[in-house]
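This briefing covers a two-chain model, taking the contact between the chains before the features within each chain.

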There are 2 protein chains.
Amino acid sequence: LPDHRKSSKQPGEFELIARLCADLPYGSRTVLGPGDDCAIIAPSRRLQLFTIDSMVEGVHFNLDWLSPQALGARALTVNLSDIAAMGGVPRTCLVNLGIRQGLSSAFFLRLYRGLASAARAVNVDVVGGNITRSAQLTVTIALLGEVAHQALRRDTARVGDDIWVTGTVGDSALGWRIMAGEVKAEGSARRYLIGRFVAPTARLAEGQKLSRIRPAPALIDISDGLLADLGHILERSRVGAELDLGAIPRSRPYLAVAGERMDFALSGGEDYELLFCMRPNHSVQSISRYLGIAVHRIGRIVERQRGLKLRRSDGRLISASGMRGWDQLKGA
Amino acid sequence: LPDHRKSSKQPGEFELIARLCADLPYGSRTVLGPGDDCAIIAPSRRLQLFTIDSMVEGVHFNLDWLSPQALGARALTVNLSDIAAMGGVPRTCLVNLGIRQGLSSAFFLRLYRGLASAARAVNVDVVGGNITRSAQLTVTIALLGEVAHQALRRDTARVGDDIWVTGTVGDSALGWRIMAGEVKAEGSARRYLIGRFVAPTARLAEGQKLSRIRPAPALIDISDGLLADLGHILERSRVGAELDLGAIPRSRPYLAVAGERMDFALSGGEDYELLFCMRPNHSVQSISRYLGIAVHRIGRIVERQRGLKLRRSDGRLISASGMRGWDQLKGA
């Protein structure tokens with residue numbers, strides 16, 4: 001049976017919200033911040049972006065792995081990445097906390113400090129929220145943003161487009177497997193890979209720059225994994241793709257720890273890099289220089305009926321959907 | 001340890017989201033609905049209202065008490081009530097579902113059907129959402145609205161204002177205590193009180209009408225309980241209040257089941273009626289006629305240092321904060 005209503009929102013918790021919210025950053029876009037039934041925000045002259053994401057203890061994180069500050073920052077970052085994936089500018093967020101027993105108010109102050117600091121860094125107003133009891137610590141953030149130039153969608157990839165990815169992939173998946181004790185790693189490689197899980201970066205500036213390119217690139221952030229997220233673009237755009245396995249960018253620490261294993265890079269997820277498809281008239285050098293970070297061309301968009309295929313180093317194409325195991329990727 | 005990333009979002013769940021979202025209602029304000037990293041919505045010419053609220057199984061509800069349809073509708077209604085409490089018009093929402101084991105996709109289809117139907121009834125677009133695994137079924141909704149005329153805030157009550165409340169209070173609290181077996185009730189009174197918990201109404205039209213009155217009433221919705229929510233107005237407006245106990249409106253079923261007990265009416269919560277404070281130049285008749293529902297004048301705003309007091313039928317004033325028990329309310 002549910003507990004008594006009154007105990008779902010103890011006065012102590014309200015005081016906690018008030019204390020937490022008092023220190024939250026908000027600027028002139030915010031007419032009324034925390035403390036009323038709703039926040040009031042200024043009208044938006046541009047198209048608005050709206051997204052929600054949730055981090056659940058025991059599902060997405062573990063308090064042995066993340067400090068409260070890192071958790072607060074990371075909960076915002078995964079939402080920021082959704083705005084980045086539309087080429088947008090993040091503006092305003094609300095936070096819903098599910099609080100379990102056994103966590104102190106000092107813990108939540110640190111969580112909010114991490115969140116507030118991450119918000120300040122990208123000029124996002126935290127305009128309020130809600131606290132409820134819960135069996136698992138849960139941080140759910142709803143984020144509003146604006147379209148800067150044009151929205152970058154998943155449904156605009158065309159046959160003949162090149163497929164690009166920012167940075168390197170698979171690091172975050174390796175990082176949490178290292179923390180879980182499933183993969184062994186030492187020294188700086190260990191620190192780098194864990195850091196990629198604990199404190200990912202949302203590619204906001206890169207998404208905004210890509211939104212200036214015409215025709216608009218099809219774009220998605222890599223949260224579920226390279227193949228899964230490319231799959232979302234293929235499905236929405238009704239096209240197929242061929243990926244060059246050898247071109248998929250892996251970091252030096254990745255290679256040191258995982259060697260030739262491609263599964264973390266292809267299916268790892270939570271890298272929050274950008275995957276995008278553009279007309280084939282751009283060089284790696286020009287796009288890297290334009291974005292100010294390393295990018296790699298990893299394949300091309302083909303007709304839908306050809307599905308999603310991976311080209312091995314021996315030139316053979318194998319179907320991603322029919323793949324029975326990662327051994328197949330190694331070549332003859 | 002967290003489960004593997006991949007299992008936090010199974011393909012089956014993605015298919016479920018897609019199926020659920022395909023049927024969700026959205027109109028011309030929505031440029032891009034579910035299926036991308038963010039929804040895209042049209043610019044807002046007016047001030048915007050932004051709120052988030054969460055319903056957690058075992059804290060706010062129990063599946064023995066609510067059908068999946070009622071749960072979906074109620075999760076939206078508690079958010080709509082926050083918009084009503086600002087005098088606003090609800091526009092666009094996102095849904096974050098925490099899904100536990102043991103619930104079928106048919107369950108979620110029914111939940112979304114209830115949500116979609118409640119959204120359609122108030123012209124709200126459900127533009128997307130997120131699904132994650134969780135130990136408890138959790139429905140979190142972020143809702144955007146607009147200020148219709150002027151925003152009704154908690155911080156504008158002035159000494160001398162009359163305090164008003166729409167409808168009757170305490171019914172919902174009695175309703176869930178009946179379902180919990182803590183209070184006995186039969187027949188139509190039982191059905192009415194349970195219905196007030198299961199399917200509350202957000203007072204949207206009434207909030208919008210009140211927002212046309214100048215100067216703007218101070219307003220809040222009764223979600224935490226009459227005394228607690230009035231307390232929020234007093235705190236934000238830096239004033240005190242005197243309530244006439246006998247004037248606090250209780251329904252006929254309330255009186256039949258709870259008799260002279262005032263605790264459900266004063267502290268019950270989840271009625272989603274509106275509590276508002278206005279200059280003392282309005283009659284009960286004129287305000288009831290203007291809003292099209294019964295309203296009651298239950299007290300007045302006084303200086304801050306006089307705190308929150310309740311006037312018993314014998315004329316004695318007792319302090320709400322110092323109240324040791326409900327017996328005190330009965331009078332000499």
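A polar contact is a pair of N or O atoms within 3.5 Å; within protein, one must be able to donate a hydrogen and the other to accept it, and residues adjacent in sequence count only if both atoms are side-chain atoms. By that definition, chain B and chain A share 24 residue pairs in polar contact, both residues at pLDDT 80 or more. The model is predicted: local features need pLDDT of at least 70 and side-chain atom pairs count only at pLDDT 80 or more, while totals for chains, interfaces and linings use all residues. Residues are numbered from 1 along each chain as its sequence is written, chains are lettered from A and ligands numbered from 1 in the order in which they are written, and side-chain values use heavy atoms, with hydrogens and water left out.

- Strand β3 (residues 48-56) of chain B supplies 8 residues, the largest share of the side of chain B that touches chain A. Helices (H or I, at least four residues) and strands (E, at least two) are DSSP runs, numbered from the N terminus.
- On that side of chain B there are 37 nonpolar, 20 polar and 19 charged residues. Here Ala, Val, Leu, Ile, Met, Phe, Trp, Tyr, Cys and Pro count as nonpolar, Asp, Glu, Lys and Arg as charged, and the others, Gly among them, as polar.
- In total, 76 residues of chain B are in contact (heavy atoms within 4.5 Å) with 77 residues of chain A.
- About 6,400 Å² is buried between chain B and chain A, with carbon and sulfur atoms giving 56%. Buried area is the accessible area (1.4 Å probe) that two parts lose on being put together, summed over both.
- The two chains are joined by 4 salt bridges, each defined as a side-chain nitrogen of Lys or Arg within 4 Å of a carboxyl oxygen of Asp or Glu.
- A:Arg154 makes a salt bridge with B:Asp36, where the closest N and O atoms are 3.6 Å apart.

**Strand pairing across the interface**

- Strand β2 (residues 39-41) of chain A runs antiparallel to β3(B), and 3 bridges join them. Two strands pair if DSSP finds at least two bridges between them.
- In this pairing, A:Ile40 is opposite B:Leu49.

**Backbone exceptions**

- Most residues other than glycine have a negative phi, and most peptide bonds are trans.
- The bond between A:Arg214 and A:Pro215 is cis, with omega about -5 degrees; A:Pro215 sits in the loop between α7 (204-210) and β8 (218-221) of chain A.
- In chain B, the bond from B:Arg214 to B:Pro215 is cis, with omega near -5 degrees.
- A:Tyr272 has a positive phi, near 60 degrees, and lies in the loop between α10 (263-267) and β10 (274-278) of chain A. A:Tyr272 is buried at 6% relative accessible area; buried means under 20%, exposed over 50% and partly exposed in between (1.4 Å probe, protein chains only).
- B:Arg238 also has a positive phi near 60 degrees, in the loop between α8 (226-237) and β9 (240-244) of chain B. B:Arg238 is exposed, at 54% relative accessible area.

**Chain A**

- Chain A has 11 helices and 13 strands, and buried residues make up 62% of its 332 residues.
- A:Gly207, in helix α7 of chain A, is buried at 0% relative accessibility.
- Leaving aside residues up to four places away in sequence, A:Gly207 touches A:Ala84, A:Gly87, A:Leu152 and A:Leu274.
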